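Here is a short report on one protein chain. Look at the sequence and the structure first, then read on.

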Amino acid sequence: VMENKPLSLSPIILETDNVQLDGVTVTGTSFIRKKDYVLIIPDKQQVKHASNGYDVLYNLMIPGLTVDKRKGTVKAFAGEVTLYIDGEKATFRDVQNLRPQDIKNIEYYDLPSGKYANDIAAVNYITKKYKSGGYVAVNGKQMIGYLSGDYNFNSKLVHNNTSYMLSGGYSNSKYKNNIEDEQETFYLQEGIVYRDTKLENSCYNNDQQYALLKVNNSTDKRMLSGQVSFVRSHTPENENNTSLDYHTERVLSESRVKQNNMQSAVTLHANFNLPKKQLLEFSLGGTYSDNEYQRSYQENSDKTFTSVMEDMYTLSFSGNYVAPLKNNNSLNIYTLNNYEVTSSVYSGDYDSRQHLWYGENILFATYQHRINPKIGLIVRPGISILSYRLRGYDLQQFASLRFNTMFRYLINKTNQFVSYVNVANTTPDIEYLNDVDQAIDLLQIQRGNPNIGNTKIYNGGVVFNSQYKKLNVQLNADYMLFTDNVFFHFYEENGKIIRSFLQGGQAHMFKTTLDVAYRFSDNLRFKLSGTYMYEKVNSELSHEGDHIFQGAAGLNYFWKNLSVNVYGKAATREMSVWMLNHKQSPIVYGLSVGWAWRKWNIEAGTENPFTKHSYYKEYGNYGVYQYNKRYSSRINQQ
């Protein structure tokens, strides 16, 4: 013990051991499994070598998603994927004009719940938030080999919490000399008629224009947006000149179609973040469409003509309320109300006026229960009330119970197992619900059926997701049953074949898919998918079950500013449970090379370079009518 005495110590020397690091690498997965979705963080390469939202989604190579960035389509195992931007439903043009550098991350709801529970699958782009500034962007695509182009501009201005977006574009497509040959057999009371058809020459010409203005105001507590859009599609030429061999005589035929479609739309959306993490959301939208259609058909001196003038009004409203409960449970109330009025005037060979009032009201309550951190259960009862009336007929009303349930087992952070059961129904439209006759040719008439009702759908399946280091795997198996199915119906009347629609019978579909994505390195990524399907229809006509195999693969390579994409899809067969026909599609393969530099992104590619003619084939047997067809278009060739 030292009291009131100074303490002196000798200098203390600390030895150093300096280690210089050449670099630090932080590794982690860009796919993060959350409670009810997958959070995906695009890396720099995936964003750099992309020019829009579809490109980014394609570059991610998500198992279970089929992204066609050239056509702008996204499909999942069970059907079309609904796309969102910051929780608001997005259109094709919204995603096409989305700047990749504005994407912060992506939420993929492979088995949707909460506000996305009404979707087959959902992708939500989360974008970066800016307080001021703006940009102007342009993009264009031009096909070489036939005339087809798509050109767009997009501008955005941000001031504090408000953003203004103006976009527009023009596209056109013009090609000729399709290839088509068909063999048909008509079983008429007067006797059997055989007809061989060969397309001699054809031409097609279409152009489209659109303009869109959107205003968005967002704070931490709410988001308000409004959008006005206009779209025009014009087809001045769609002509086919054909030689017909009836085995007793040979004649020439000519078919001409002209179409003009204009649509105006207004959409309002509101999103409120309430206390205790509650969510309240509303959407209101309306459209007006002015559609014109003319078709003439001639065999030698015999002619048929159809003209349709159609006005269509739609109004839709949706409301969504999500409330978190104790123990990570949640309750979701969702309502959707769609209304449509279609007024059509038919003239030509058959004069008629058609007026259809249509409405559907859907209400769902979704309860999500977390049994423990690994096991979850979703129960979603609902009801659909469908009402429609065709002028001159009684009001038709159908009340259908809807039900969805999902069991989720999180094996660990990278593996999960899900099983589900769904009960749903479909809604017919004016294409079926009419009593109009339209001449197809001198032997065939297209006829509607105003007495079609609801088709019930029963669906169940299992899904397994697995992620191991650089490997992502998804395995699906699904069974779907359609009762009171609507399908094509052919019968003979007054020496002609009537093409109409009939309800009844059952359709069965079983499908299993394996999707594999592997990341060899930051520069090389690969995706492979294979599908087996079995389809069968029990109706007035007997249809043998059809076994179907499908396969597709894609490879991305990134090196500095260069990107290379190789893709292919195997030749496939499929059967339509509605049209009751069989279709064979040819192999599709292609290569594209891209260059990204500063604000520029340029890509050039080729599809089917070694295939002179890619033929599609169809055949069907409807008792009184049989056909076998082979066709190819310039857009499917080299």
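Accessible areas here come from the Shrake-Rupley method with a 1.4 Å probe. By that method the chain exposes about 34000 Å². Carbon and sulfur atoms supply 56% of this area. Keep in mind that this is a predicted model.

## The chain as a whole

The chain has 638 residues, and 44% of them count as buried. Its secondary structure comprises three helices and 39 strands. Along its principal axes, the C-alpha trace spans about 130 × 55 × 50 Å.

Residues 24 or more positions apart account for 61% of them.

## Charges and salt bridges

How many positive and negative side chains does the chain have? There are 67 positive and 62 negative ones. The centres of the two sets lie 11 Å apart. Side chains of opposite charge can pair when their charged atoms come close. Here, a salt bridge needs a side-chain nitrogen of Lys or Arg within 4 Å of a carboxyl oxygen of Asp or Glu. By this rule the chain has 19 salt bridges.

Start with R525 and D43. They form a salt bridge, and their closest N and O atoms are 2.9 Å apart. R525 sits in strand β31 (residues 524-538), while D43 sits in the loop between β2 (38-40) and α1 (44-48). R525 is buried, because its relative accessible area is 4%, and buried means under 20%. Both residues also belong to a network of salt bridges, which links D43, R519, D522 and R525.

The next pair is K129 and D86, with closest N and O atoms 3.5 Å apart. Both lie in loops: K129 between β9 (122-127) and β10 (132-142), D86 between β6 (82-85) and β7 (88-89). The pair therefore ties together parts that are 43 residues apart in sequence. K129 counts as exposed, at 62% relative accessibility. D86 is partly exposed, with a relative accessible area of 27%.

E299 lies in strand β17 and R195 in strand β14 (residues 191-218), and 104 residues separate them. Are these two residues buried or exposed? E299 is buried, with a relative accessible area of 5%. R195 is buried too, at 3% relative accessibility.

## A nonpolar patch on the surface

Eight names make up a nonpolar patch on the surface: V228, V266, L268, F282, L284, L315, F317 and Y339. Together they have about 680 Å² of accessible area.

Take F317, which is found in strand β18. Its relative accessible area is 33%, so F317 is partly exposed. Patch residues must have over 30% relative accessible area.

## Around Q503

Q503 lies in strand β29 (residues 496-503). Q503 is partly exposed, with a relative accessible area of 26%. Which residues are in contact with Q503, leaving aside its neighbours within four places in sequence? They are N451, I452, G453, N454, T455, D484, N485 and V486. One of them, N454, is 49 residues from Q503 in sequence. In space, the two are 8.9 Å apart, C-alpha to C-alpha.

Notes
Residues are numbered from 1 along each chain as its sequence is written. This is a predicted model: local features need pLDDT of at least 70, side-chain atom pairs count only at pLDDT 80 or more; totals for chains, interfaces and linings use all residues. Side-chain values use heavy atoms; hydrogens and water are left out. Patches are made of residues with over 30% relative accessible area and no salt bridge: like charges are joined within 9 Å, nonpolar side chains (Val, Leu, Ile, Met, Phe, Trp, Tyr) within 5 Å. Helices (H or I, at least four residues) and strands (E, at least two) are DSSP runs, numbered from the N terminus. Buried means under 20% relative accessible area, exposed over 50%, partly exposed in between (1.4 Å probe, protein chains only). Contact means heavy atoms within 4.5 Å. Lys and Arg count as positive and Asp and Glu as negative; His and the chain ends are not counted. The place of a charge is taken as NZ of Lys, CZ of Arg, CG of Asp or CD of Glu.
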